[in-house]
Amino acid sequence: MTTDKPTGLRERKKAKTRAAIQEHALRLFREQGYAETTVQEIAAAAEVSPATFFRYFPTKEDTVVFDRLDPVMIDLFRSQPAGLNPTEALRATLRDSLATLSDEEWQLESERQRLVLRAPELRARMLDQLYAGIDLLAELAAERVHRSADDFAVRAWAGAVVGVVMATYEMTPDLSLKDSLRLMDQGFEHLQAGLPL
């Protein structure tokens, strides 16, 4: 399955090259360590030049930070029935994603998430990603409830969702991403119920 959903031959080729670079980068990080792996080694493994590497990823960090599943999750969220509120749509998206993505895609994404959590060099970038996640979730929720993405209630919901994601990842660093998503869904169920303790 192609997660970037490119339509033309050129776009498909670019998506394939980007995916190959990221896959080789993650493999080398696992085998050698993040800090010990160079851009030159990643480029050589992916059979591209360093200049080509930098056309796809401005920095080594970006090979880990780039989440190629985002477009899939966004499309799944937008395709949920209009009668579902944002939390219900989010939970349905998680369930659909478990059936939509291949085992290889889940394994790659699990590896990427573990690296982000464990490499000190990447934790600062992760904070930027979390704020970007709040912006994205607020936009998606705003579309669904016909309100502004700047509406405080919409942003508070998005922040709560990101909080559930953070709590899940911190508690489950060694679980597969599929298992983490199942636990995350429990957190969203809790959120949907008004967070009773």
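1. For the angles that follow, axes are lines fitted to C-alpha atoms, for helices over the stretch in contact, and angles run from 0 to 180 degrees between N-to-C directions. The model is a predicted one, and the values below should be read with that in mind.

2. Helix H5, residues 70-78, packs with helix H8, residues 120-145, at an angle of about 20°, and their axes lie 11 Å apart. Since angles under 35 degrees count as roughly parallel, H5 and H8 are therefore roughly parallel to each other. The crossing of H5 and H8 is right-handed. On the H5 side the contact is made by Ile74, Phe77 and Arg78, and on the H8 side by Leu136, Leu140, Ala141, Glu143 and Arg144; by class, these comprise five nonpolar and three charged residues, with no polar ones.

3. The second pair to consider is helix H1, residues 9-32, and H7, which pack at an angle of about 55° with their axes 11 Å apart, and that angle makes H1 oblique to H7. The crossing of H1 and H7 is left-handed. From H1, the residues Gln22, Glu23, Leu26, Arg27, Phe29 and Arg30 meet Leu108, Glu111, Arg112 and Leu115 of H7, and the contact of H1 with H7 contains five charged, four nonpolar and one polar residue.

4. Turning to open space, the largest pocket has a volume of about 870 Å³. Its lining holds 36 residues, of which Asp67, Asp70, Gln113, Val165 and Tyr169 are the closest to the centre of the pocket. By class, the lining of the largest pocket divides into 27 nonpolar, four polar and five charged residues.

5. Which helices each supply at least two residues of the lining of the largest pocket? They are H5, H6 (86-100), H7 (103-118), H8, H9 (152-171) and H10 (177-192). The largest share of this lining, 10 residues, comes from H8, the helix that also packs with H5 at about 20°.

Definitions and conventions:
Residues numbered from 1 in each chain as written. Predicted model: local features only at pLDDT ≥ 70, side-chain atom pairs only at ≥ 80, totals over all residues. Heavy atoms only, no water. Helix = DSSP H or I, 4+ residues; strand = E, 2+ residues; numbered from the N terminus. Parallel < 35°, antiparallel > 145°, perpendicular 65-115°, else oblique. Left-handed = near helix turned anticlockwise from the far one by under 90°. Contact = heavy atoms within 4.5 Å. Nonpolar A, V, L, I, M, F, W, Y, C, P; charged D, E, K, R; others polar. 1 Å grid on protein atoms, 1.4 Å probe; cavity = no way out; pocket = protein on both sides within 12 Å on 5 of 7 lines; lining within 4 Å. Points joined across faces, edges and corners; volume = space filled by probe spheres on them.
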